[in-house]
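Hi there,

Here is the structure I promised to pass on, with my notes below it. Have a look at it first, and then read on.

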Amino acid sequence: MNGFKVLPAGDTALVIEFGEGIDQHTNGRVLALAQHLREAKIEGISETVPTFRSLMIYFDPLVLSAESLTQRVSVLTGEPQPVEQAARHWHLPICYDSELALDLEEAAARLDLSPAQLAEYHSTTSYHVYMLGFLPGQAYLGDLPPDLALPRREMPRQRIPAGSVAIAMSMTCIFPMDTPCGWHLIGHSPVSLFQPWPDPRALLAPGDKVKFTPLSRREHDDLLARNDDVALPFDLPAQGQGMAL
Amino acid sequence: MKPALRVLSPGLMTTIQDFGRVGLQHLGVPVGGALDTVGLRAANALVGNQPNMAALEVAYFGPTLRVEADEARLAIAGADAELTVFPDETAAGGRRIAGNRSIKLCRGEVIRIGSLERGAVLYVAVEGGFDITPVMGSASTYVRGGFGGWQGRALAAGDGIPLCRNQVAERADRELDGLDLRPRKVIRAIVGPQADYFRDEEIDAFFQAEYAVGHGSDRMGIRLSGRAIRHSRGFDIVSDAIAPGAIQVPGNGQPIVLLADRQTTGGYPKIATAISADLPALGRLAVGMRLSFVRVTMEQAQAARRAHIAMLDGINAKIRPRACTIEELTQRLNDNNLVDGFIEAIA
């Protein structure tokens, strides 16, 4: 079970790959190595980026050679996985109102479900945060129940609003900013996932557990309005323009 | 009034950039920063700034800027462009100046940067720097995310970009001599990380092919146009992290070389990755230019990185005070009203 591949990504990064697919065991090994490396504070490593099944390690080859880095990784992956800190559990608000969920009906029809059934499946599943990527603070949550699996849309949308909740394949995501998107929009969440100021911080971290709590349209709108008021951390200093969160 | 550079016309895509945001990719925050970090260093060195200070990155067609400070010293380094200085914005005629030099300008003077030649980007640094509040540790503009730099966007006409200094050091201007800021036709690359998604013959063919920088290339990546690369086992991988210079091959087989504004993760196989020493030269390539890739080993890449760093350490040694031309000398004498005195002294 200690197998891993070391793949070069240029001369300043190595990919440590633990498997081919998306599963929580493989992802756990990625996160364990990331934690071991954080604790080991190895000189020459500038940052690490955990993804579904691999860890990218950025390093300076003139300080730390690829061979010695690989050796260190080999030792660290042999160590027992860190005692899992009590995973953080989140209940994130979501509204499945059809006005906010442009693809809910179509996606439900394609899955042979009613929109209400799709919403119920989506909100009664507990998700694992596999990784952050694509946009600041964007978390990939899995696994969707197999009954909700759809390929990406054939025609990606040019722009979806921040807070859109979407599904595709075995994943669901809240998109933290306005963005082009090829996923199916099934709801909207008023929660802010990323704070650039004063210290960059993402709400979710890989390894966290997430469940969605359905809200009425009114509750959603109230929360969204309130969030605008209390979302001071997202306002950048005078000349800056806040992120569309 | 706060010292500033007023944007009279913004150029095609002028953004504020430094070395970018390091250490936040695990949060999904792209690194960003200057496409050509050597050009940025050179511009900063010419005005005596720290190498990583934020400057204007000018792409393809330059802006026209008016000095709204008692004095400002600008340096331009990178691609060639027609540079013209006007005494004010209504003046019909101006004087042409060379690139890769610094120039001291006074309130009201206007500098116009024309079309870029032999390269996609140049940098405009100001002595003392722009007064820009960093976002997440960097002043770099990330246009897609709408943050950093000047209001999270490219400069627009009417913007006044604040400067840290209203006056500059009393000294001769400087010029760069012998620093190579040209794009390179041959980029060195290491095979992988997803070499196993391509047959060996296909990898060989990639390194033999010549590509053109395609339309749609931007700060995020260079779209190569040329021989399509076939995958041996599908083109969807489970998303993983993307290194700078990664050459990903999407479904249509036309590779994309990922640059500063690349997203942190992506789901296409990467056939090879450009080496760190060649990233600045890669960033200088303009649409229509041709390039090819040559395969190197990790050891060769490290040697190249060492040489690159030695070259960076040598930038300051390539900067010297500018010799004045006769015209400039006469101008200076006239400005200071010294000519009359000189003539009187002779008489």
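Starting with chain A, there are five helices and 15 strands. Please keep in mind that this is a predicted model. The mean pLDDT of chain A is 87, with 89% of its residues at 70 or more. The stretch to treat separately is residues 229-245 of chain A, where pLDDT stays under 50. The model still gives that stretch 39 contacts beyond four places in sequence.

Of the 245 residues in chain A, 43% are buried.

**The four-stranded sheet of chain A**

One open sheet in chain A has four strands in the order β1-β2-β4-β3, and its pairing is antiparallel. Its edge strands are β1 (5-8) and β3, each of which pairs on one side only. From one strand to the next, the twist averages 20°. Within this sheet, β1(A) and β2(A) run antiparallel and are joined by four bridges. If you want a pair to click on, A:Pro8 has A:Leu14 in β2(A) as its bridge partner.

Two helices lie across strands of this sheet. Helix α1(A) lies across β2, β3 and β4 of chain A, at about 160° to β3(A). Helix α2(A) lies across β1, β2 and β4 of chain A, and runs at about 30° to β2(A).

**A closer look at α1 of chain A**

Helix α1 (residues 24-40) of chain A has 17 residues. From its first C-alpha to its last it reaches 24 Å, close to the 24 Å expected at 1.5 Å a residue. Which residues of α1(A) are buried? They are A:Asn27, A:Arg29, A:Val30, A:Leu31, A:Ala32, A:Leu33, A:Ala34 and A:Leu37. What covers them includes β2 (13-17), β3 (45-50), β4 (54-59), α2 (66-78) and β6 (127-132) of chain A. The helix is followed by A:Lys41, which has a positive phi, near 45°.

**The seven-stranded sheet of chain A**

Another open sheet in chain A is formed by seven strands in the order β5-β15-β6-β7-β10-β9-β12, with mixed pairing. At its edges are β5 (89-94) and β12 (184-188) of chain A, and each pairs on one side only. The twist averages 35° from one strand to the next. Inside that order, strand β7 (residues 139-142) of chain A and strand β10 (residues 171-174) of chain A run antiparallel, joined by two bridges. There, A:Tyr140 has A:Cys173 in β10(A) as its bridge partner.

Helix α4 (residues 115-124) of chain A lies across β5, β10, β12 and β15 (209-214) of chain A. Its direction is at about 145° to β15(A).

**A few pairings in chain B**

Strand β1(B) pairs with strand β4 (residues 64-68) of chain B in the antiparallel sense, over five bridges. B:Leu5 has B:Val67 in β4(B) as its bridge partner. Strand β1(B) also pairs with strand β9 (residues 160-162) of chain B, again in the antiparallel sense, over three bridges. The bridge partner of B:Ala4 in β9(B) is B:Pro162.

Methods:
Residues are numbered from 1 along each chain as its sequence is written. Chains are lettered from A and ligands numbered from 1 in the order in which they are written. This is a predicted model: local features need pLDDT of at least 70, side-chain atom pairs count only at pLDDT 80 or more; totals for chains, interfaces and linings use all residues. Two strands pair if DSSP finds at least two bridges between them. pLDDT is the predictor's confidence in each residue, from 0 to 100. Two residues are in contact if their C-beta atoms, placed from the backbone, lie within 7 Å. A residue is buried if 20 or more other C-beta atoms lie within 10 Å of its own, exposed if 12 or fewer, and partly exposed in between; C-beta atoms are placed from the backbone. The expected span of a helix is 1.5 Å times one less than its number of residues. Axes are lines fitted to C-alpha atoms, for helices over the stretch in contact, and angles run from 0 to 180 degrees between N-to-C directions.
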